[in-house]
Amino acid sequence: MRRIYPQKHDPVSFTFKQNKEDFIVTELPLREEIEGKGNYFIAKIQKQDLSTMEMLDILESELQCFSIGYAGLKDKYATTTQYISVPLKFSRALQKFNHPRIKILQSFKAKEKLSIGDLKGNHFFIRLHKVDETSAQHLGKVLDDVMRQGMPNYFGYQRFGKESGNLERSREVAQGEVHMKDKRVHKIMLHAYQSYLFNDWLARRIELSKEIKHDSCEELLVNLNISQSECEPLKEQRGYFCLLPGDILLDVQSKKWVNVQDIQTVRKGLKEHKLIPTGLLAGTRVWRAKGVAGTLEEAYDDPLVQAAGMRREAWVYPKSIRYEYDQSNKSFELSFTLPKGAYATVLLENLGNRELGPSAVKG
């Protein structure tokens with residue numbers, strides 16, 4: 001599996017270890033206001049060196065509550081803050097709950113329980129080590145570029161889980177040929193296979209975007225099977241991700257899909273980040289690209305995947321980026337906000353122009 005990044009720079013040297021001091025994640029809830037009434041109890045929880053599932057297992061055992069809601073999964077080797085929900089009858093037990101690695105920061109009543117996806121995004125603080133002055137300058141330049149141009153929304157290594165390193169095995173699970181006894185592992189492997197396909201598609205689209213800008217129309221007419229009238233708008237595009245006729249965009253405000261027929265008509269929406277290009281997570285009930293984009297997408301599709309499927313934003317725009325270099329300690333601190341589903345480690349890979357993996361970052 002490849003993850004190709006658009007900036008042209010040599011790999012940047014730094015050390016990143018996921019631990020509770022150097023990796024801090026704060027979940028951003030959908031609703032900022034505190035309701036104060038309802039049949040559910042929401043708790044804002046800080047955990048350290050526990051995965052979300054491990055935290056839930058502890059809470060279920062202590063509270064004897066097996067209907068705990070949560071909005072998203074958070075990394076294990078970090079200090080993370082996230083929200084959970086329990087039925088109101090468990091509120092007193094939750095308020096009395098005590099654990100050395102789990103702290104309840106805030107709690108209140110709510111009308112609805114939390115479900116997966118009930119978050120705006122996540123705010124990250126990360127500290128990199130062994131960063132010399134030259135590397136710090138490179139990191140700053142790439143961060144400035146990411147602020148302007150955004151970055152590819154690859155799935156990070158966390159998406160692939162311990163049991164899903166074998167692509168062929170993940171494919172067998174996704175296609176229903178193999179059923180794992182553990183439902184969680186089965187789901188992880190199915191998602192891993194979809195994510196492999198998506199990441200490879202996105203890497204190819206970044207490569208193709210470079211080709212569109214540098215190849216002549218004569219070459220593109222042959223390679224993409226497009227007409228002269230289609231070629232010119234392709235080459236006029238700016239940014240690192242070039243659209244193709246038939247691409248599917250997400251309208252950020254309406255949450256509706258937009259099929260690209262004329263690139264010129266969507267340029268303003270793209271520039272203003274109101275329209276976002278999307279890629280396929282293979283399944284049986286998902287809207288697929290058409291035309292030139294659809295032909296390319298077919299190479300990274302699998303209609304046999306036993307899931308509904310969906311489309312994922314191919315590009316994200318980190319917000320609130322801040323960074324500072326400490327020359328005396330050779331450390332580089334950065335903070336930023338990402339929308340839900342985007343990976344902070346992918347941003348780090350983009351900065352370093354090299355892949356990170358669990359063995360490289362485990363604290």
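Predicted model: local features only at pLDDT ≥ 70, side-chain atom pairs only at ≥ 80, totals over all residues.

Trainee: At what angle do helix 4 and helix 5 pack?

Mentor: Helix 4 (residues 167-174) and helix 5 (residues 183-214) pack at about 110°, with axes 8 Å apart, where axes are lines fitted to C-alpha atoms, for helices over the stretch in contact, and angles run from 0 to 180 degrees between N-to-C directions. That makes helix 4 roughly perpendicular to helix 5, the term for 65 to 115 degrees.

Trainee: And which residues of helix 4 and helix 5 meet?

Mentor: From helix 4 there are Leu167, Arg169, Ser170, Arg171, Val173 and Ala174, and these meet His186, Met189, Leu190, Ala192, Tyr193 and Tyr196 of helix 5, contact meaning heavy atoms within 4.5 Å. By class, the residues of this contact are eight nonpolar, two polar and two charged (Ala, Val, Leu, Ile, Met, Phe, Trp, Tyr, Cys and Pro count as nonpolar, Asp, Glu, Lys and Arg as charged, and the others, Gly among them, as polar).

Trainee: How are helix 6 and helix 7 packed?

Mentor: Helix 6 (residues 217-224) and helix 7 (residues 228-235) pack at an angle of about 110°, with axes 10 Å apart, and they are therefore roughly perpendicular to each other. On the helix 6 side, Cys217, Leu220, Leu221 and Leu224 meet Gln228, Cys231, Glu232, Leu234 and Lys235 in helix 7. That contact has six nonpolar, one polar and two charged residues.

Trainee: What about helix 3 and helix 10, how do the axes cross?

Mentor: The axes of helix 3 and helix 10 (residues 344-352) come within 9 Å and cross at roughly 120°. The two helices are therefore oblique to each other. Leu139, Val142, Leu143 and Val146 of helix 3 make the contact with Leu347, Asn350 and Leu351 of helix 10, and its residues divide into six nonpolar, one polar and no charged.

Trainee: Switching topic, what is the volume of the second largest pocket?

Mentor: Its volume is about 450 Å³. Of the 15 residues that line this pocket, Arg238, Gly239, Arg267, Leu270 and Lys271 are the closest to its centre.

Trainee: Which helix gives the largest share of that lining?

Mentor: Helix 8 does, with three residues; helix 3 (133-149) and helix 8 (263-271) each supply at least two. The lining of the second largest pocket divides into seven nonpolar, four polar and four charged residues.

Notes: Residues numbered from 1 in each chain as written. Heavy atoms only, no water. Helix = DSSP H or I, 4+ residues; strand = E, 2+ residues; numbered from the N terminus. Parallel < 35°, antiparallel > 145°, perpendicular 65-115°, else oblique. 1 Å grid on protein atoms, 1.4 Å probe; cavity = no way out; pocket = protein on both sides within 12 Å on 5 of 7 lines; lining within 4 Å. Points joined across faces, edges and corners; volume = space filled by probe spheres on them.
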